[in-house]
2 protein chains.
Amino acid sequence: VKTDDRPIGLFDSGIGGLTVLRSLLAALPNESFVYLGDTARLPYGSKSSATIERYLLQNIAFLNKLNVKAIVVACNSASTVLVDGHLSGSFQVPVYNVIEPGAKAALAASVSKRIGVLGTKATVSANSYATCLLREKIPNTVVFQQACPLLVPLVEEGWVDDPLTNLVIHRYLSPLLSEKIDTLILGCTHYPALRGGIGRVAGSGITLIDSAEAIASAIIADIASSTLGASSGRSPLRPALRLMTTDVSSSFTEISARLMHPHVIPALEAVDIA
Amino acid sequence: VKTDDRPIGLFDSGIGGLTVLRSLLAALPNESFVYLGDTARLPYGSKSSATIERYLLQNIAFLNKLNVKAIVVACNSASTVLVDGHLSGSFQVPVYNVIEPGAKAALAASVSKRIGVLGTKATVSANSYATCLLREKIPNTVVFQQACPLLVPLVEEGWVDDPLTNLVIHRYLSPLLSEKIDTLILGCTHYPALRGGIGRVAGSGITLIDSAEAIASAIIADIASSTLGASSGRSPLRPALRLMTTDVSSSFTEISARLMHPHVIPALEAVDIA
């Protein structure tokens, strides 16, 4: 069997994409991974698509230099510039975006096809989830989007199970709930941290779709059905996991350890992209 | 009389520093200004001092190339790396930081010398206001700092006169209020937008210090007492104001116009720093 022992590269504007990495690590024990968090320039979600595209291309070029066999864009805001396909064909290795698998999972889960999307300003104004959901041409599909710029800062402040955060969630969700959605996409890798509060406000009639879980499942399936997989029996010399950030702070180290639990993480390496 | 017709340069991580520019424009009608908003890399307040210092040096080099006669760091987080003086002597022109004038204004206003500081994580963890307040060695000076990472996103979301924002303000201010401060420094150029809510929560016994107003007063005084001032009677060919940002979005244009009212602003120029 042909195999490919090169690592899989992932990047996110910050460390939220570690939730994708955690799912991949658990399901693909033979694979090596390189994770890049562009923490010196985060967040991407408040920035223009031109700037986000520039950062995406720089991050992909950086990971390519590390000889990865595939690249996972574990960030919804960065994934938006991949959805319309104007960059397809420009990359040396397969590049996975987090939006298409999230949209597919939502269509599969929804009965009424009235689907809500929570995302950053960049994700919502790029309209990428709506594009992916509507191009399947499933009758009666309707998409309702809501930009939620306060949710990332609330997660980073650590106010996760907090009445104040629940008020913010309530305010963002109200317009979607009055549209009688039955499925809600958590279109940012930070939002699963608020899954409890979002689920309580949404109520039991609404299925929550975690875009991080959706992309991990898609990659795991691709690895299983292709020659992309690594050989079994990892060489002790091959580093299984490298974590790199463009800015280093003690809080990143702390949050990384918490997000990756129970995996033990290596020391963060500081790298310079731009 | 010797005069200097070169423009004054200002920079901020975003557009909050426009409030400093507005004060300068009103008080110094003969001066020209160049404003740089590093919107592609904002915010600075959540980043490490090493990264902030790198950005500061790049921004100062960029403004020097535009032949400015002085540079105003209209951003508290960026100003922190200037307070300990390790960079003094490295600049071609005078560089003003926003923290020293804010600290001086607070000491002048305070009777009890129990002074509170609201700032970003970077500003609070650099301890810069405390350093400036305590080095005057005024008896009984005590400083209480509070990092407020949610206030900038709340201002940018536009939830300015909002019960939810008042709850957040209440939570951040409570520890300072129980320390019986009589003066409170708004140590971020975004916070004056929340002056109403902060004032109501603080109560009438606490004087609010706006660091943007404090630095504008310091510069206006320096211009008056030096040969740094421009000649009177502006040449029609000299552009009085240029606004540059590293990321351009329609919302920046909108917010800039609002912040600078009643001044009419020129079109934002997109520039590349790094």
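I started with cavities: on a 1 Å grid over the protein atoms alone, a cavity is a set of points where a 1.4 Å probe fits but cannot get out, and lining residues have an atom within 4 Å of a point. Grid points are joined across faces, edges and corners, and a volume is the space filled by probe spheres set on the points.

Ground rules. This is a predicted model, where local features need pLDDT of at least 70 and side-chain atom pairs count only at pLDDT 80 or more, while totals for chains, interfaces and linings use all residues. Residues are numbered from 1 along each chain as its sequence is written, chains are lettered from A in the order in which they are written, and side-chain values use heavy atoms, with hydrogens and water left out.

Entry 1, cavity. I counted 1 cavity of 30 Å³ or more. The largest cavity has a volume of about 150 Å³. Its lining has 19 residues, and those closest to the centre are Arg41(A), Ala274(A), Arg41(B), Tyr55(B) and Ala274(B). I sorted the lining into 8 nonpolar, 3 polar and 8 charged residues (Ala, Val, Leu, Ile, Met, Phe, Trp, Tyr, Cys and Pro are nonpolar, Asp, Glu, Lys and Arg charged, the others, Gly among them, polar). Helix H2 (49-65) of chain A and helix H2 (49-65) of chain B each give at least two lining residues; H2(B) has the largest share, with 3 residues. Helices (H or I, at least four residues) and strands (E, at least two) are DSSP runs, numbered from the N terminus.

A pocket is an open set with protein on both sides within 12 Å along at least five of seven lines. Closest to its centre, out of 13 lining residues, are Leu82(B), Val95(B), Tyr96(B), Asn97(B) and Glu100(B). Helix H3 (76-83), strand S4 (95-97) and helix H4 (99-109) of chain B each put two or more residues into this lining.

For Cys188(A), the nearest cysteine sulfur is that of Cys75(A), 7.2 Å away. Cys188(A) is buried, at 8% relative accessible area (buried is under 20%, exposed over 50%, partly exposed in between, with a 1.4 Å probe and protein chains only).

Chain A and chain B each bring 30 residues to the contact, meaning heavy atoms within 4.5 Å.

Note on methods. A disulfide is a pair of cysteine sulfur atoms within 2.5 Å.
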